[in-house]
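Reader: Could you walk me through this one? I have not seen it before.
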Amino acid sequence: MYDVLIIGGGAAGMTAAIYASRKKLNTLVLEHEKGGQTALQPEIWNYPGYTDLNGAKLLDVFRKQATDFGAEVRSFVAEKIQLEKNEEDKEFFILENKDGEKIKAKSVILAMGAKPRKLGVPGEEEFSNKGVTYCATCDAPLFSGKDVVVVGAGNTALDAAMQLTKYADKIYILVRGEVKGDPITYEKLKKESKVEFVFNAETKEIKGDQFVTSLIYKDKESNEDKELKVSGVFVSIGSIPNTDFLGDFCEKNQFGQIVINPRTNATSKAGIFAAGDVTDIEERQAVIAAGEGAKAALQCYKWLKSNH
Amino acid sequence: MAKVTIYSTPACVYCKMAKEFLNENKIEYTDFNVAEDEKAREEMVEKSGQMGVPVIFVDNEMMVGFDGERLKELLKL
């Protein structure tokens, strides 16, 4: 039986593992996608202490720190979580994967992160990996010499556009409301001759034959439908939390994010803590996820001391 | 032994995961960096009908993205 199971190996989960293992808690990290969302960022400029950082490398260091202090890490996709009682009436948690393998622990830190939100328009599914992509870091080089569109205007979208300037001929950025990404990136993009911002644009459909050939959007000012001839559609319109397997095991808000006490990272279920992008915190940043992971682990340690 | 080919880009974390998986299981493979190698990029798109990396071929079986369980099956591990 583990003292604590940490679900997710991103910035929040691995930091929780560092703190938990330094408290000598018997710690296991269950990893689904190595390094989480941070590892998808080839360049990070706002992580304190580093001026130019590769996300995957950063998370490799997090992971090494965690395992050096004694945390175990393994690949395991949880499908189910249950609460049981032992003979002494002590509660413990059981995680189960699709093969029915079970792992037991006295406490759990949920740090599953989030995945890209989809547009939900016709053509999106059909042309997924045929021009529609959610990972600019992975797929930007495939669009060398092509015209592409980035849908969204948060930091992820602006970073995607920035990466694409190295490869694509023309980059449209489709903005529905206002630009929410950092002004420093926004200013840079405005100076790029291949970048064109399209405002008040609501994506309606993605069209193509074998691959994407165009995107249709509604110009909300004129109420007309317009078409952009592009071969790539980079969707960056925010994220949705990876909480499917939880069901209603602990409280979630209307977005599916786990509701936590912001002081203690406690969820609605005693012994279950949560940290990072999977929770209802406001800001989605690697440095914040790391801090949240540390908080969750320290609170979890206190809880274990008084309850086990 | 099965012929394994992977089409990848350098910054792609799923590509790295796939290659680490192959290395850990001591599987030999040919890696094409499609960010640089234009010919390989065209070949990948033509053979797979996909515009997303990684694309992995185990003999004639194709996998897009990285799914460790499926790759294990394809490699009969």
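This is a predicted model: local features need pLDDT of at least 70, side-chain atom pairs count only at pLDDT 80 or more; totals for chains, interfaces and linings use all residues.

Reader: Which residues touch the most other members of the largest nonpolar core?
Author: I109(A) is one of them, along with A16(A), A111(A), V150(A) and A161(A). The core has 111 residues.

Reader: And which helix gives the largest share of this core?
Author: Helix α1 of chain A, residues 11-22, which contributes eight residues.

Reader: How is chain A divided into domains?
Author: Domain 1 covers 2-115 + 239-307, and domain 2 covers 118-235. Their centres, taken over C-alpha atoms, are 32 Å apart.

Reader: Which domains does the core draw on, then?
Author: Domain 1 and domain 2 of chain A each supply at least three residues.

Reader: New topic. At what angle do the axes of α4(A) and α5(A) cross?
Author: Roughly 35°, and the axes come within 10 Å. Helix α4 spans residues 155-164 and helix α5 residues 183-191. The crossing is left-handed.

Reader: Which residues make the contact?
Author: From α4(A), L158(A), D159(A), A161(A) and M162(A); from α5(A), T185(A), Y186(A), K188(A) and L189(A). A161(A) was also named above, among the residues touching the most other core members.

Reader: How many of the contact residues are nonpolar, polar or charged?
Author: Five are nonpolar, one is polar and two are charged.

Technical notes. Residues are numbered from 1 along each chain as its sequence is written. Chains are lettered from A and ligands numbered from 1 in the order in which they are written. Axes are lines fitted to C-alpha atoms, for helices over the stretch in contact, and angles run from 0 to 180 degrees between N-to-C directions. Helices (H or I, at least four residues) and strands (E, at least two) are DSSP runs, numbered from the N terminus. A crossing is left-handed if the near helix is turned anticlockwise from the far one by less than a right angle, and right-handed if clockwise. Two residues are in contact if their C-beta atoms, placed from the backbone, lie within 7 Å. Ala, Val, Leu, Ile, Met, Phe, Trp, Tyr, Cys and Pro count as nonpolar, Asp, Glu, Lys and Arg as charged, and the others, Gly among them, as polar. Domain bounds come from an automatic or database domain assignment. A nonpolar core is a set of buried Ala, Val, Leu, Ile, Met, Phe, Trp, Tyr and Cys residues joined through C-beta atoms within 7 Å. A residue is buried if 20 or more other C-beta atoms lie within 10 Å of its own, exposed if 12 or fewer, and partly exposed in between; C-beta atoms are placed from the backbone.
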